[in-house]
Amino acid sequence: MVTPVNPPPLPRTSPPRHTAPELPEGVRLRVLHAVYGDAHAAAELVTRLTDRQRSGLDPLPTQPALQAPRLLWVLRAELRALPDDTRLLLLLAAADQYPLATHAFLRAVAAARLDTRPLEAAETAGIAHAGAGGVVFRDAWTRIAAYESGAPSDRREAHRLLARVLNGDGETPRRSWHRAAGALGPSGRLVAELDAAAGRARTTGHLTLARALTERAAALCPDPARQARLRARAAADAWQAGDADHARGLFRAGAADDALTGLFALRAENATEAFDALLTAAVRAGDATGPRGTRIQGRDGSAGTDGPAPAAGRARAAQSSTRADAPAHPFGSFGPPQAAAHLLARATEAVIYTGDLRRCRDAARVAGRLGIEAPGALGGLAAAVEGRYEDARDLLEAAAGRCGPGGDPTLLLHAGIAALMLGDHARAATATVRAAASARARGATATVAQALEFRAYADFWTGRPDAGAAAATDALRQAYASGHDNGACHLQAALAMFAAVTGAADVCRERAAAVRSYALARGLGLPAALAQWALAFLDLAEGRFAGAAARLRALAGFGPGHGHRAIRHLATPHYVEAAVRTGDTRVARAAHTDYHRWATAVRSPDELALSARCRALLAPGAEAVDLYHEALDLHARGTRDFERARTELLFGAALRRLRRRTEARDRLHSALEAFEHFGAPHCAVHARAELRALGAPAARARTDEGPGGRLTAQQLLIARMAADGATNREIATRLALSPRTIDHHLRGVFERLGIRSRIELVRLLASGGP
């Protein structure tokens, strides 16, 4: 055996502390995910990326030989120094763990009567050691090197041995994998076995296993057309499991179809293009005989993709199960009608992201032609766009009612969206939490972060900015790591809104700027509008009423891709408040008219309460008092506690101007207490100012409640990270902010707590226990 001489030095200790901080956050996290968190491999991979890969436009390499060849070369040299018997045992152990964990090593050793004493040499070298369940490698890259150092014939023999001992219940898919890995060439019989095993893995939520099996089936398939369909199915499995780079790599290798094009565009590219591709795929999935018949009109009014044949074609589609020659799609375990419904649900999500809600009517017409019920929130959105608010309420109520536990995560997500539109935030929270739980159980990592995107709205309205920001921050990292940059943009916008509520002005502006830069380039009207609303709310909370009114007027004028009708609707009460403060009551009345019509139709106590508050703001003098009382009575039956506090603040100010001092004082103290509880310091400042104008003592933050009571929610989060030893750059990475902003926040923390160093911060937080 020849051992390479003088391999290039690559120390396995003291890895670089940071990995390419100039990379976009999403690419940086995907790099770390791709190399199993190994800093050396990450540093090598970064040097090998093209400009398009660095910017996130192209997928990252997924093959180890393309990720870190230098690191693998060094590790192979280290392994070649071991005895042959030791390397063969390590190869068997690696084949049992990479790329799939099958947990059959000990059984294989026993079946083949192998001597395990040679493993002592690996343990002496610090490469691996024997554990209760088999061999434990030093790290993931050593395991990969142990596998790839073996001769092809030795690898095939290891897989065949592992396949022979995998005979237990539930081990069929992994046995099929090893049988295929030990194959010498194409085999139609093995392809069929792998495809069936992948179907079982898919239905039990093991999407990573399903992807590996289907990808291997594609490699062994002798039929090019079927090979492309299998590769498409594998790409869909990889995408839903959160492995975006693997999915996009398969897609580029010839697995393209409309469903995958639409799915990728929905989560990482242009959402308008996603809608067109998903609608086309829905038509094809719904017509088992292939696309023909009616033409679907494109966004610009031109003829688009062929629609389905009429009744006869739909009947054949409804009676057909998935056929071997049918186009592949991300919902391959369903028959064509069910797949069409899911693709239409995804098309609805594309409409929601873009803000071009008129296109819901196109999707609803396609559902009608296919003879399927419009999925999720589609029917309600289409009715709302047409001004049929009562019909929209009934359709949305039906969608929101499908929020039972254990359901399909896509339908649960749509139940949450429908509940949000109805103003039912308790049900929205339930549906989105259940959607995330169901997605986790099915291995659909992609849907988990998406469910949390919409959960953020419920957290905002119900006055939980701290919990909402924490959940959104975790979801943001998950969205970035799984390549779902459009979802990450939406979460950034939600975090901008939370920052506006908690008074973190710099954070709000930084996040909003990042959102608008990304969203406008990809036609994402929803996050762009939400970021604009966050900035307007910050202006409103800080008393810049003209600025708030100008931003919200601009929001009303933005079309699809730049604004969003639903966000404009939600922001109407804030616009009315800002417009009244600047004397522009004519436009405020017009804006309120449509809002009141919707609130009356959906009968949401919260919507009706805000409508009553708007009427109170627009009413002269004493006439406003009864309207404020009506608003507070309605708030008592709703869930928007934060807006209830804002109503009390406005009511207290109106009572002060009417010289009803006692009632004014009670309302203002109640509002102040709520704002302090929610961590909304800017709103609390207004309440204190009103109390001072009233001549009443303003409640102040207690000085004996520990350091946590003296910091904003954002400052407390950053302070805890700093006390745990994180650097400014590490904190910035975790929160997707700039180091400069973190430095600004820490200076504010030190000033509020009266300290000068991180050592003092650690001691103070340890003693105060916030």
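What share of the 770 residues in the protein is buried? Buried residues make up 56% of them. The model is a predicted one.

**Overall make-up**

The protein has 42 helices and four strands. Take the contacts between residues at least 6 apart in sequence: 65% of these join residues at least 24 apart.

**Nonpolar cores**

The largest nonpolar core holds 174 residues. Five of its residues touch the most other members: Phe-454, Trp-533, Ile-567, Phe-675 and Leu-761. Helix 29, residues 525-541, gives this core its largest share, 13 residues.

Ile-567 touches Tyr-457, Leu-526, Ala-529, Leu-530, Trp-533 and Leu-555. Val-749 touches Leu-711, Gln-715, Ala-719 and Leu-761.

Where does Val-749 sit? It is found in helix 41, which spans residues 739-753. Its relative accessibility is 0%, so Val-749 counts as buried. Val-749 and Leu-761 are twelve residues apart in sequence. In space, their C-alpha atoms are 8.9 Å apart.

**Packing of helix 24 and helix 25**

Two packed helices are described by the angle between their axes and the distance between the axes. For helix 24 and helix 25, the angle is about 160° and the axes are 8 Å apart. Angles over 145 degrees count as roughly antiparallel. Helix 24 and helix 25 are therefore roughly antiparallel to each other. Their crossing is left-handed.

Which residues of the two helices meet? The table sets out both sides.

| Helix | Span | Residues in the contact |
|---|---|---|
| Helix 24 | residues 425-441 | His-425, Ala-429, Thr-432, Val-433, Ala-435, Ala-436, Ala-439, Arg-440 |
| Helix 25 | residues 445-461 | Thr-447, Val-448, Ala-451, Phe-454, Arg-455, Ala-458, Trp-461 |

By class, this contact has ten nonpolar, three polar and two charged residues. Phe-454 of helix 25 meets helix 24 here. Phe-454 is also one of the residues that touch the most other members of the largest nonpolar core.

Note on methods. Residues numbered from 1 in each chain as written. Predicted model: local features only at pLDDT ≥ 70, side-chain atom pairs only at ≥ 80, totals over all residues. Heavy atoms only, no water. Core = buried A, V, L, I, M, F, W, Y, C linked by side-chain atoms within 4.5 Å. Buried < 20%, exposed > 50% of the residue type's maximum accessible area, 1.4 Å probe, protein only. Contact = heavy atoms within 4.5 Å. Axes fitted to C-alpha atoms, helices over the stretch in contact; angles between N-to-C directions. Parallel < 35°, antiparallel > 145°, perpendicular 65-115°, else oblique. Left-handed = near helix turned anticlockwise from the far one by under 90°. Nonpolar A, V, L, I, M, F, W, Y, C, P; charged D, E, K, R; others polar. Lists of a residue's contacts leave out its neighbours within four places in sequence.
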